[in-house]
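Biologist: I would like to learn how to read a protein model. Please put it up and take me through its features.

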Amino acid sequence: MPSIPHRLQPGNRGAGRPLAEPRTPPVPAARAVVDCGVYVGGVRQRDSNDFRRALRQVRESGEGFVWLGLHHPDERQMNDVAEVFGLHPLMVEDAVNAHQRPKLELYDDTVFLVLRTISYIDHESLEVANDIVETGEIMVLAGSDFVITVRHGDHTHLAGVRQRLERKPDQLGLGPAAVVHAVADRVVDSYLAVVSDMESDVDEIEERVFSAKHNDVDIDVVYSFKREVLELQRAVYPLGMPLARLSGNKSTLDAAPVRFESQAASANGKEIRRHFRDVADHLTHATDLIAEYDERLTTLLNAAATKVSIQQNTDMRKISSWAAIAAVPTAIAGIYGMNFDHMPELHWTYSYPVLLLIMVCICVLLWRTLRRNHWL
């Protein structure tokens, strides 16, 4: 006979209590790592997801930097990374929780840049397009010998950015600042792509509103696109100030961005600022197009509402016209339905067909009059 465990034997303390659920082991930080590499002189030295060993190699040699890519890390995983790289707790909190506005902040010698990513969602028609754009976030944490990219969302992958930079060792040799520029440039280029894709939708809405073929204007479609444009504004507009600081605008630049440049001379700092100014120009172009779409959709929304109001007035005129035509035979029939003994032509043999003819003639006359006045 099998023995009964001691904790379940009668009389023992805790008898009958349910066993404690086993704790789920924490997921290691390596599970959130997309890629990790050491770069010296713009050339990748090794392939490893062990960011601890990579950072130790860079700091022992005093050359190069570590580029660590993370995808949707949880709090425990991000804390492990923060312990190794010496990140501020507020940076960890923002990197885990996401839903941040685009911003640029300095924590000691580490720059924290938040970028909102957007992706265009293909749709078959305007009526079934509930969402036009999908948003995500990319956080970039850059120090003198490391850069960490944290991505939230399933679009705007950074693998292509890393591959393009690895094919340009001269640019990657500028250090972590080159990575920050490449990520910002990739995100802003996605803004331009989404704005370009939305142009055909805005043109189609405009054609529907002002086309004579579409009498029934669906205001919900116009409002839906207006809402998506507002979502674009919240993602794109706040990025202007961080890029202005990174590009070296004298009115907004402080000393923060200079600190995460590579160990090279200040001439490289000037070169990287030129790259950031190019990204800022692209962002300005995107914001101008978004502002244009917002203005056009506002005009279309007002025009659609006006067109609906006009259509309602037209429908009311038609209803009123047919009601007026129907009132004539109703009035005549009501008079002769009062059953008085002394009424004109009450006992005349031809009174019924004559009254019907009079009703028809009056109704036809009213119909022609209302038709000529464009009420029918």
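Modeller: The secondary structure of this protein comes to 10 helices and 7 strands. Helices (H or I, at least four residues) and strands (E, at least two) are DSSP runs, numbered from the N terminus. This is a predicted model, in which local features need pLDDT of at least 70 and side-chain atom pairs count only at pLDDT 80 or more, while totals for chains, interfaces and linings use all residues. Residues are numbered from 1 along each chain as its sequence is written, and side-chain values use heavy atoms, with hydrogens and water left out.

Biologist: What percentage of the residues in the protein is buried?

Modeller: Buried means under 20% relative accessible area, exposed over 50%, and partly exposed in between, with a 1.4 Å probe and protein chains only. Here buried residues make up 41% of the 376 residues.

Biologist: How many residues does the largest nonpolar core have?

Modeller: A nonpolar core is a set of buried Ala, Val, Leu, Ile, Met, Phe, Trp, Tyr and Cys residues joined through side-chain atoms within 4.5 Å. The largest one has 58 residues, and those with the most contacts inside it are Trp67, Val179, Tyr191, Met198, Ile205 and Leu243. Elements giving two or more residues to this core include β3 (65-71), β5 (110-120), α6 (176-210) and α9 (266-335). The most comes from α6, with 16 residues.

Biologist: Which residues does Met198 touch?

Modeller: Not counting residues up to four places away in sequence, Met198 touches Tyr120, Ile132, Val133, Phe225, Val229, Leu232 and Tyr293.

Biologist: How do I read the packing of α6 and α7?

Modeller: Start with the axes, which are lines fitted to C-alpha atoms, for helices over the stretch in contact; angles run from 0 to 180 degrees between N-to-C directions. The axes of α6 and α7 come within 11 Å and cross at roughly 155°. That makes α6 roughly antiparallel to α7. Angles under 35 degrees count as roughly parallel, over 145 as roughly antiparallel, 65 to 115 as roughly perpendicular and the rest as oblique.

Biologist: Is the crossing of α6 and α7 left-handed or right-handed?

Modeller: A crossing is left-handed if the near helix is turned anticlockwise from the far one by less than a right angle, and right-handed if clockwise. The crossing of α6 and α7 is left-handed. Residues making the contact include Tyr191, Met198 and Ile205 of α6 and Phe225, Val229 and Leu232 of α7. By class, the contact of α6 with α7 has 12 nonpolar, no polar and 1 charged residues. Ala, Val, Leu, Ile, Met, Phe, Trp, Tyr, Cys and Pro count as nonpolar, Asp, Glu, Lys and Arg as charged, and the others, Gly among them, as polar.

Biologist: At what angle do the axes of α4 and α6 cross?

Modeller: The axes of α4 and α6 cross at roughly 130° and come within 10 Å. That makes α4 oblique to α6. Their crossing is right-handed. Val161, Arg164 and Leu165 in α4 meet Ala178, Val179, Ala182, Val183 and Arg186 in α6. The residues of this contact divide into 6 nonpolar, no polar and 2 charged.

Biologist: Which residues in helix α3 are buried?

Modeller: In α3 (residues 89-97), Met91, Val92, Asp94, Ala95 and Val96 are buried. Their cover includes α2 (75-85), β4 (103-107) and β7 (146-152). As for α2, it passes α3 in a right-handed crossing. Glu75, Met78, Asn79 and Ala82 of α2 make the contact with Val92, Ala95 and Val96 of α3.

Biologist: Where do I find positive phi values?

Modeller: Just after α3, Ala98 takes a positive phi of about 60°. His72, in the loop between β3 and α2, has a positive phi near 50°. His72 is exposed, with a relative accessible area of 52%. Asp108 has a positive phi near 55° and is found in the loop between β4 and β5. Asp108 is exposed too, with a relative accessible area of 64%.

Technical notes
Contact means heavy atoms within 4.5 Å.
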